[in-house]
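Good morning, and thank you for coming.

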Amino acid sequence: MNNNDNAGKIVAFVNQKGGVGKSTLTTNVAAILGAEHRVLLLDTDSQGSSEDWGVARINKLQSANKLRGFSKHYRGIKKATEVSTDLEEIAGSYDVLIVDTPGRNELVSLGVIAAANLVIIPLTPGNFGFWSSEVTRELIQKVAVARPTDFAARLLLNMRDKRRKVSREAEALLEELEIPVMRSSIGHRNIFEASSDGLSVLEIPARTDSDREGQREMRELVSEISEILGLRGRAQAEGETPRRRSAPKDAPGR
Ligand SMILES: Nc1ncnc2c1ncn2[C@@H]1O[C@H](COP(=O)(O)OP(=O)(O)O)[C@@H](O)[C@H]1O
Ligand SMILES: [Mg+2]
């Protein structure tokens with residue numbers, strides 16, 4: 001890693017279980033962080049949901065001025081489904097590399113975890129009994145021991161549903177995983193389904209209170225991620241006064 005402390009951070013969304021929101025969270029975080037930092041979204045899932053989103057995004061960014069102000073530093077999407085891909089080398093050219101991972105391909109997930117600075121494991125209320133992947137958990141713990149200052153893992157509650165309160169059993173299970181739970185959490189909200197078409201929830205007009213809550217939750221999540229990584233620059237928190245930071249050398253002048 002170089003001396004620029006904003007350079008080359010790798011954030012990965014990992015869970016061997018499909019449908020927990022890895023791709024949804026990856027793409028939203030990439031778009032929102034991309035307003036502040038040089039971000040590359042890396043899709044390591046051969047199913048390519050993030051890649052599809054990235055392609056839709058490029059088309060939208062090119063065809064509309066509506067997105068002005070958003071994703072100024074978003075650098076696009078790359079696909080890498082080979083275990084041999086050197087994530088650190090790719091990350092060196094950006095501030096943050098946001099990595100989507102496959103549900104099933106354990107090898108790819110493990111390779112990504114080994115290179116990551118922050119691994120976020122989305123969990124949904126329906127699958128607390130779920131996170132059966134001992135291998136992933138063990139690797140996370142090993143990496144945590146090997147890189148005590150440059151690695152963090154967090155559980156993130158996604159598709160939270162107030163009516164289905166997290167049961168005591170589920171809470172006990174979470175504790176057993178011995179990985180801290182993020183203070184941010186994301187509700188089950190329609191706006192996240194609408195964001196699958198190349199946009200982040202912040203780029204879609206909020207029509208309901210639930211939509212607005214979803215936007216607030218995403219801002220909070222991005223701000224918590226920035227905090228964990230120690231990213232410099234304007235925090236995403238709502239209402240915070242923008243702080244100037246010198247533009248990276250190769251920032252687009254657009
Ligand atoms: N917070 C949320 N609220 C509502 N729907 C969501 C939320 N997060 C994800 N989804 C939806 O759940 C489905 C699975 O999400 P996805 O990101 O594809 O999961 P994964 O990548 O882990 O397989 C998608 O249809 C997505 O739109
Ligand atoms: Mg996915």
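Let me begin where helix H1 meets helix H8: Asn28, Val29, Ile32 and Leu33 in H1 are in contact with Met218, Leu221, Val222 and Ile225 in H8. Contact here requires that the C-beta atoms of two residues, placed from the backbone, lie within 7 Å. The residues of this contact divide into 7 nonpolar, 1 polar and no charged. In that scheme Ala, Val, Leu, Ile, Met, Phe, Trp, Tyr, Cys and Pro are nonpolar, Asp, Glu, Lys and Arg are charged, and the others, Gly among them, are polar.

Before going further, a word on conventions. This is a predicted model, in which local features need pLDDT of at least 70 and side-chain atom pairs count only at pLDDT 80 or more, while totals for chains, interfaces and linings use all residues. Residues are numbered from 1 along each chain as its sequence is written, and chains are lettered from A and ligands numbered from 1 in the order in which they are written. Helices (H or I, at least four residues) and strands (E, at least two) are DSSP runs, numbered from the N terminus.

To return to the helix pair, the axes of H1 and H8 (residues 209-229) lie 10 Å apart, at an angle of about 75 degrees. Axes are lines fitted to C-alpha atoms, for helices over the stretch in contact, and angles run from 0 to 180 degrees between N-to-C directions. H1 and H8 are therefore roughly perpendicular, a term for angles of 65 to 115 degrees. Ala30 counts as buried because it has 30 C-beta neighbours inside 10 Å; the cut-off is 20 or more other C-beta atoms within 10 Å of a residue's own, with C-beta atoms placed from the backbone.

What of the protein as a whole? It has 8 helices and 7 strands, and 41% of its 254 residues count as buried. Among contacts with a separation of 6 or more, 77% join residues 24 or more positions apart.

I turn now to the strands. In S2 (residues 39-43), 5 of the 5 residues are buried; Val39, Leu41 and Asp43 point one way, and Leu40 and Leu42 the other. S2 pairs with S4 in the parallel sense over 5 bridges, pairing being defined by at least two DSSP bridges between strands. Within that pair, Asp43 stands opposite Asp100.

S6 has 7 of its 9 residues buried, so it is largely enclosed by the rest of the structure. S5 and S6 run parallel and are joined by 6 bridges, with Ile121 opposite Leu155 in S6. S6 also pairs with S7 (residues 181-187), again in the parallel sense, over 3 bridges, and Arg160 stands opposite Gly187 in S7.

Finally, which residues are closest to ligand 1? They are Gly21, Lys22, Ser23, Thr24 and Phe192, within a shell of 17 residues, where membership requires a C-beta atom, placed from the backbone, within 6 Å of the ligand. The elements giving two or more residues to this shell are H1 (22-33), S6 (152-160) and H7 (190-194). H1 supplies the largest share, 3 residues.

Methods
Parallel < 35°, antiparallel > 145°, perpendicular 65-115°, else oblique. Buried ≥ 20, exposed ≤ 12 C-beta atoms within 10 Å, placed from the backbone.
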